[in-house]
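Please read these points with the model open beside you.

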Amino acid sequence: MIYNRCGRSGLLLPAISLGLWHNFGSVDDYANAKDILWHAFDSGITHFDLANNYGPEPGTAEQTLGRVLREGLGTHRDEMIISTKAGYTMWDGPYGDWGSRKYMIASLDQSLRRMGLDYVDIYYSHRPDPNTPIEETMSALDHVVRQGKALYVGISNYRPAEAKRAFEVLHSLGTPCLIHQPRYNMFDRWIEDGLTDLAGEWGVGLITFSPLAQGLLTNRYLGGIPHGSRMERAHFLRPEHLTDEKMDKIVKLNALAEGRGQTLAQMALQWNLRDSRVTSVLVGASSTRQLDDSMQALLAPPLGADELGRIEAILRNTD
Ligand SMILES: NC(=O)c1ccc[n+]([C@@H]2O[C@H](COP(=O)([O-])OP(=O)(O)OC[C@H]3O[C@@H](n4cnc5c(N)ncnc54)[C@H](OP(=O)(O)O)[C@@H]3O)[C@@H](O)[C@H]2O)c1
């Protein structure tokens, strides 16, 4: 494993981190989930990313991690970075959503109970709340750090102007923003339009989620929709997302990766990590085999200027 410094902080994160959004809920096979978590840790993946609502059912990914920690992995707690978030709908009524101080603080207490932890390493505001003053959401993050319930704080899905304001407020409170977690992959490059530069200027690390576009940027769908795949099981990735135009690009990217002697997943992760302001790519996995495949990305020769140009041409339809 390669460990990268997260922005201008003292914290090193693995170049590949594991997210528990899918495959770790109450609907999933516990033995497989436990296997993936142990395998990841044994392979040097020290960072596990959660949110209050991961499951399904919401909350059950945190329970799964809590159980795996109780059953032995927790003896390595000081070797791990565990994050969670609040910001999306979690419970009924006006206090279980968005970014109020009430929600942010109550939700972290619930997450800690589900995971059986005294503290998380990183606590995130999962999305900006247009109706709550940003000072209120950020002061809630600062508060949980002062309570000892989180060591660092981060934001996710904030656009550049919102992120800048969040960085300023957190800086003024004395709890600098450690990290920003945006979506970033070959099919979704919005962060290149200002966010990456902003993070670099402020010394905030970037951990990019869905770097494989939920499995599209792999060989998973080259032969149709496999049984048990995310596209079959989850409503966040639907068959209509796999347009003919996208499939055409996937086939060409796959051929380019094969020419490099690697899988498309590996090339997609290398592409994501080509910018040093990206501290870590946050992958998901439904098997230890997938994780092993993805981690091989770190052993491959870097993408050359010519290869990056060919990827660009495929993505822009100018090949
Ligand atoms: N902050 C936010 O708003 C937000 C939003 C989304 C995600 N996230 C975080 O980012 C994490 C990762 O997101 P993601 O799961 O969408 O990431 P991803 O890595 O783009 O997609 C993971 C899926 O791709 C497939 N896959 C993974 N490795 C593969 C390989 N080597 N070969 C073939 N297929 C492979 C698997 O699909 P199958 O299940 O079909 O096998 C796996 O479930 C989440 O767990 C979460 O922690 C954050």
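1. How many residues has helix α5, and how far does α5 reach from its first C-alpha to its last? The structure is a predicted model, in which local features need pLDDT of at least 70 and side-chain atom pairs count only at pLDDT 80 or more, while totals for chains, interfaces and linings use all residues. Residues are numbered from 1 along each chain as its sequence is written. Helix α5 (residues 160-173) has 14 residues and reaches 20 Å, close to the 20 Å expected at 1.5 Å a residue. The expected span is 1.5 Å times one less than the number of residues. Helices (H or I, at least four residues) and strands (E, at least two) are DSSP runs, numbered from the N terminus.

2. In α5, Ala163, Ala166, Phe167, Val169 and Leu170 are buried. A residue is buried if 20 or more other C-beta atoms lie within 10 Å of its own, exposed if 12 or fewer, and partly exposed in between, with C-beta atoms placed from the backbone. The cover over the buried residues of α5 includes α4 (134-146), β7, β8 and α6 (195-202). After α5 comes Gly174, with a positive phi near 90 degrees.

3. Eight strands close into a barrel in the order β3-β4-β5-β6-β7-β8-β9-β10, with parallel pairing. From one strand to the next, the twist averages 30 degrees. Two strands pair if DSSP finds at least two bridges between them. Helix α3 (residues 101-115) packs on the sheet and touches β5 (81-86), β6 (120-125) and β7 (150-156). The direction of α3 makes about 135 degrees with that of β5. Axes here are lines fitted to C-alpha atoms, for helices over the stretch in contact, and angles run from 0 to 180 degrees between N-to-C directions.

4. Strands β8 (residues 177-181) and β9 (residues 205-209) pair in the parallel sense over two bridges. Gly205 in β9 is the bridge partner of Ile179, and Leu206 in β9 stands opposite His180. Which way do the residues of β9 point? Gly205, Ile207 and Phe209 point one way, Leu206 and Thr208 the other. In a regular strand the side chains alternate between the two faces of the sheet. Five of the five residues of β9 are buried, so β9 is largely enclosed by the rest of the structure.

5. The largest nonpolar core has 88 residues, of which Ile122, Tyr123, Val153, Ala166 and Ala268 touch the most other members. Such a core is a set of buried Ala, Val, Leu, Ile, Met, Phe, Trp, Tyr and Cys residues joined through C-beta atoms within 7 Å. Helix α9 (residues 264-272) gives the largest share of this core, six residues. Beyond its neighbours within four places in sequence, Val153 has contacts that include Ile122, Tyr123, Leu141 and Leu178. Contact means that the C-beta atoms, placed from the backbone, lie within 7 Å.

6. The chain has eleven helices and ten strands. Its radius of gyration is 19 Å, close to the 20 Å that the globule rule gives for 319 residues, so the chain is as compact as a globular protein of that length. The radius is taken over C-alpha atoms, and the rule is 2.2 Å times the number of residues to the power 0.38. Of the 319 residues, 46% count as buried.

7. Pro58 lies in the loop between β4 (47-49) and α2 (60-70). With 18 C-beta neighbours inside 10 Å, Pro58 counts as partly exposed.

Key: Two residues are in contact if their C-beta atoms, placed from the backbone, lie within 7 Å.
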